Amino acid sequence: MMDSLEKASSVRDLATARAKIEIDGMSKWYGTFQVLKDINLNVLEGERIVIAGPSGSGKSTLIRCINRLETHDAGRIAIDGVELTDDLRRVDVVRREVGMVFQQFNLFPHMTVLENLTLAPVLVRKMPEAEARDVAMQYLERVRIPEQANKYPGQLSGGQQQRVAIARALCMNPHVMLFDEPTSALDPEMIKEVLDVMIGLAESGMTMLCVTHEMGFARQVADRVVFMDGGEIIEADVPEEFFAHPRNDRTRAFLQQILSH
Amino acid sequence: MTQLTLAPVRRRISAIAWVRENLFSSPFNTVLTLAALYLIWLVVPALLDWAVFRATFTGLDRKACLGADQGACWPFITHNLGQFIYGHYPEEERWRVNTTFVLGIAGLVPLMIPRVPWKRLNALYMLGFFPLAAFVLLSGGRSGLSPVDTAYWGGFMLTLVVAVTGIVLSLPLGIVLALGRRSRLPLIRLFSVIYIEFWRGVPLVTVLFMASVMLPLFLPQGVTFDKLLRCLIGVTLFSAAYMAEVVRGGLQAIPRGQQEAASALGLGYWQSMWFIVIPQALRHVIPGIVNTFIGLFKDTTLVLVVGLFDLFGMVQFQLSDARWSTPQTPTTGYAFVAFVFWVCCFGMSRYSMSIEKRLKQGGSK
């Protein structure tokens, strides 16, 4: 298990990169049901990881543990060397550096797009309002919807909303971006516009963890594909190997299902 | 960019067509229309007859209202209007009440009109400067103003003091309690639940009696505090419990994702509550909040039971004045009180509807 992880991360000039996220022997239970079983995963700076697996396999829970939207019960998670514990100050430090994009966008419906983007930089980073607006407009340009700045989220299409959500996370200038099924709630014709933004982000060198079923995206940008089932990491490998020679039966079955059409 | 606004298409139709379409479209509607017309015919002429045609409008005492077929006795109201508005507040000091009223209106009106800018400054004025100014002006004893004991406060002025204090304080207290009831900390949750269930479980009359009769028994000898203040505290704590449940309903309507998104951006608990969750929650429950406000406004009449004379109490008090004792005086007095309360409550109701409408147009979900 660990061998494959080490091997995978050494690919693509990441050899000299330092670990950004360290997860060692992490487990989590909901009551008596164990949702995550002894997860070991190191993510290097600049690495792009796609997490795939059937629903209920614990993928979302895993990345939600990384910014402590969920707490883990055993093992260790550290981001930039800061270990996540009950200490709220550490959680704040981590959340400031880790951006997240949700399946349901979770934009703030009572605020305009611009207000959505400037809120956290002003409140959390204590950025002056004018500067926050400039930064927000830069990121709206980058996700290609600057003309929507003064609309409310409810007036935008799903694809536009998700791009705003990505821009909102980027406005905090995070080192790591987590994507929790960012395209699953979108109409098919809007998936591409969101993936394009994510690909652009990947090319800029952002450390990314994406839970997604978009295998084309995984092939194109992932440094490693992690396959989860039943709360465990079953295998992890560079996409070429992962798709061509899956080693585990469950991986093979999963790939057959989602790649069959 | 360019936005196309489509005005609702309005068909121009003749009056007769409108009547046919809206009032007589089916046999059932026809019956309803006729029944309603009959009811109007029964009530309105009789009311007008009493309030206007058979009523007396001028006079100096009861003799003016002793006609054989007497309607409303309006001179009773106009003659005592000063008392109904100011209670026993000293006549030469009434300008202080008027000044307070003007200061309040000057802050409230621009706050209520959405287009007027400087909302933050305005709110600061209303929540910071105004209560202080009102307190100093009304109770005096400072800045060269002669002190006026709260025992002399009364009439509509007292109604407003109790209602406004209750309304302004019960909303924030209710929000805190609602958050407390949803807290993850068991102690805070328990305290909130006990508080809410206790205050909701006792009648306001009991609360007021307790505040004014029982409380002094528990306080050490010689320690007294103002009866009005005790009532204000009682009314506030009481309505905060109702407010808390209304607000909780709103909080429950906000998806978890909203708070998760706020947390993920690094906002702390109070920041995400204040900027994200509460603004949305309150929008959902504006009708419930205003409903509670209206209830509170009308409940202020209950301070009568502890010997404070609000508008209703003042009218009731003046009814015993022999100079105005006529068969029509009580009816006139109560009709007047009912009308004043109705105007205030209807005003609140209409204003809340206009806010709701505006929020819907705001484009937010």
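Predicted model: local features only at pLDDT ≥ 70, side-chain atom pairs only at ≥ 80, totals over all residues.
## Where the chains meet

Chain A gives 23 residues to the contact, and chain B gives 22 residues. The size of an interface is often given as the accessible area lost when the parts come together. Here chain A and chain B bury about 2000 Å² between them. Of that area, 65% lies on carbon and sulfur atoms.

Polar links are present too. Five residue pairs are in polar contact between chain A and chain B. On chain A, strand S6 (98–101), helix H4 (113–123) and helix H6 (158–170) each supply at least two residues of the side that touches chain B. H4(A) brings the largest share, three residues. Sorted by class, the touching side of chain A has 15 nonpolar, five polar and three charged residues.

## A salt bridge across the interface

Side chains of opposite charge can pair when their charged atoms come close. Across the interface of chain A and chain B there is one salt bridge. It joins Glu260(B) to Arg64(A). Their closest N and O atoms are 2.7 Å apart.

## Salt bridges within the chains

Over all chains, the count comes to 32 salt bridges. One of them pairs Arg76(A) with Asp24(A), with the closest N and O atoms 3.2 Å apart. Arg76(A) lies in strand S4 (residues 74–79) of chain A and Asp24(A) lies in strand S1 of chain A, so the pair ties together parts that are 52 residues apart in sequence. Arg76(A) is partly exposed, at 28% relative accessibility. Asp24(A) is also partly exposed, at 33%.

Glu70(A) and Lys28(A) form another salt bridge, at 4.0 Å from N to O. Glu70(A) sits in the loop between helix H2 (59–66) and S4 of chain A, while Lys28(A) is in strand S1 of chain A, 42 residues apart. Are these two residues buried or exposed? Glu70(A) counts as buried because its relative accessibility is 14%, under the 20% cut-off. Lys28(A) is buried as well, at 5% relative accessibility.

Chain B has its own example. Arg181(B) forms a salt bridge with Glu197(B), and the closest N and O atoms are 3.2 Å apart. Arg181(B) is in helix H6 (residues 155–181) of chain B, and Glu197(B) is in helix H7 (residues 186–201) of chain B, 16 residues apart. Arg181(B) is buried, with a relative accessible area of 17%. Glu197(B) is partly exposed, with 36%. Elsewhere, salt bridges that share partners join Lys28(A), Arg64(A), Glu70(A), Arg256(B) and Glu260(B) into one network.

## The open sheet of chain A

Four strands of chain A form an open sheet in the order S2-S1-S4-S5. The pairing is antiparallel. Strand S2 (33–44) and strand S5 (82–83) of chain A stand at the edges. Each has a single partner strand, so one side of each is left without a neighbour in the sheet.

Strand S1 (residues 19–30) of chain A pairs with S2(A) over eight bridges. Which residue of S2(A) stands opposite Met26(A)? That residue is Ile39(A).

## A covered strand

Strand S8 (residues 207–211) of chain A is mostly covered, with five of its five residues buried. In a regular strand the side chains alternate between the two faces of the sheet. Thr207(A), Leu209(A) and Val211(A) point one way from S8(A). Met208(A) and Cys210(A) point the other way.

S8(A) has parallel partners. Strand S3 (residues 48–52) of chain A joins S8(A) through four bridges, and Val50(A) has Cys210(A) as its bridge partner. Strand S7 (residues 176–180) of chain A pairs with S8(A) over five bridges. There, Met177(A) stands opposite Met208(A).

## A look at chain B

Chain B has 14 helices and one strand. Its C-alpha atoms fill a box of roughly 80 × 75 × 40 Å along the principal axes. Of the 365 residues in chain B, 39% are buried. Among contacts in chain B with a separation of 6 or more, 67% are between residues 24 or more positions apart.

Asn122(B) is in helix H5 (residues 119–139) of chain B and is buried, at 11% relative accessibility. Leaving aside neighbours within four places in sequence, Asn122(B) is in contact with Gly107(B), Pro110(B) and Leu111(B). Pro90(B) lies in the loop between helix H3 (74–86) and helix H4 (94–112) of chain B. Pro90(B) is partly exposed, at 25% relative accessibility. The C-alpha atoms of Pro90(B) and Tyr152(B) are separated by 7.7 Å, though the two are 62 residues apart along the chain.

Key:
Residues numbered from 1 in each chain as written. Chains lettered and ligands numbered in written order. Heavy atoms only, no water. Contact = heavy atoms within 4.5 Å. Buried area = accessible area lost by both parts, 1.4 Å probe. Salt bridge = Lys/Arg side-chain N within 4 Å of Asp/Glu carboxyl O. Polar contact = N/O pair within 3.5 Å; in protein donor to acceptor, adjacent residues only side chain to side chain. Nonpolar A, V, L, I, M, F, W, Y, C, P; charged D, E, K, R; others polar. Buried < 20%, exposed > 50% of the residue type's maximum accessible area, 1.4 Å probe, protein only. Pairing = 2+ DSSP bridges.
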